[in-house]
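Here is a short note for a colleague who is opening this model. Please read the points with the structure in view.

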Amino acid sequence: QVQLVESGGGLVQAGGSLRLSCAASGRTDSINAMGWFRQAPGKKREFVAPITWSGTITYYTDSVKGRFTISRDNAKNTVYLQMNSLKPEDTAVYYCAANTGGFIVPMMTATTTYNTWGQGTQVTVSS
């Protein structure tokens with residue numbers, strides 16, 4: 001099994017930056033892909049960015065392109081989400097997720113692709 005723990009959330013002013021971390025433990029060798037999702041109050045959980053285990057394939061939802069960057073440190077079994085130029089609309093609970101059962105690239109943005117989820121970390125962007 002794989003366990004995920006997110007950290008790095010907090011309160012930041014619009015235009016500021018935060019760096020989220022997701023530390024994986026357990027059977028990390030079984031991870032094929034990881035992704036970041038977010039969920040604002042009253043809204044559906046949405047895709048933010050995925051990354052393959054190799055780190056060679058990444059995508060971003062349109063609303064964060066040019067501002068967010070996903071990366072992975074395999075040696076530390078950790079993925080990161082660098083968030084710059086934050087907007088109040090980015091306020092949400094951010095979740096890290098992992099796929100350990102196989103995936104196809106076209107499904108990397110789907111919640112159903114991921115079978116393991118972290119507890120979430122709150123990001124609040126003030127105006």
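1. Start with the largest nonpolar core, which has 27 residues. Such a core is a set of buried Ala, Val, Leu, Ile, Met, Phe, Trp, Tyr and Cys residues joined through side-chain atoms within 4.5 Å. Buried means under 20% relative accessible area, exposed means over 50%, and partly exposed lies in between (1.4 Å probe, protein chains only). Met-34, Trp-36, Leu-81, Met-83 and Tyr-94 have the most contacts inside this core. Two or more residues each come from β1, β3 (18-26), β4 (33-39), β5 (46-52), β6, β7, β8 (92-99) and β10 (121-126). Strands here are DSSP runs (E, at least two residues), numbered from the N terminus. A second core of six residues is separate, and includes Ala-33, Phe-47, Ala-97 and Met-108. In soluble globular proteins, nonpolar side chains tend to be buried together.

2. A word on the basis. This is a predicted model, in which local features need pLDDT of at least 70 and side-chain atom pairs count only at pLDDT 80 or more, while totals for chains, interfaces and linings use all residues. Residues are numbered from 1 along each chain as its sequence is written, and side-chain values use heavy atoms, with hydrogens and water left out.

3. Next, the sheet. Four strands form an open sheet in the order β1-β3-β7-β6, and their pairing is antiparallel. The edge strands are β1 (2-7) and β6 (68-73), each pairing on one side only. From one strand to the next, the twist averages 15 degrees. Axes are lines fitted to C-alpha atoms, and angles run from 0 to 180 degrees between N-to-C directions. Two strands count as paired if DSSP finds at least two bridges between them.

4. Look at one pair of strands. β6 and β7 (residues 78-83) run antiparallel and are joined by six bridges. Which residue of β7 is the bridge partner of Ile-70? The partner is Leu-81. Leu-81 is also among the residues with the most contacts in the largest core.

5. Now the charged pairs. The whole structure has four salt bridges. The criterion is a side-chain nitrogen of Lys or Arg within 4 Å of a carboxyl oxygen of Asp or Glu. Asp-90 pairs with Arg-38, with the closest N and O atoms 2.9 Å apart. Asp-90 sits in the loop between β7 and β8 and Arg-38 in strand β4, so this pair ties together parts that are 52 residues apart in sequence. Asp-90 is buried, at 2% relative accessibility. Arg-38 is buried as well, at 5%.

6. Asp-90 has a further partner. Arg-67 forms a salt bridge with Asp-90, and their closest N and O atoms are 2.7 Å apart. Arg-67 lies in the loop between β5 and β6 and Asp-90 in the loop between β7 and β8, so the link spans parts 23 residues apart in sequence. Both Arg-67 and Asp-90 are buried. Shared partners join Arg-38, Glu-46, Arg-67 and Asp-90 into one network of salt bridges.

7. Buried or exposed: what are Lys-65 and Asp-62? Both are exposed. They form a salt bridge, with the closest N and O atoms 3.0 Å apart.

8. Finally, check two loop residues. Asn-77 is not a glycine, yet has a positive phi of about 50 degrees. Asn-77 lies in the loop between β6 and β7 and is partly exposed, at 24% relative accessible area. Ser-85, also not a glycine, has a positive phi of about 50 degrees. Ser-85 lies in the loop between β7 and β8 and is partly exposed, at 40%.
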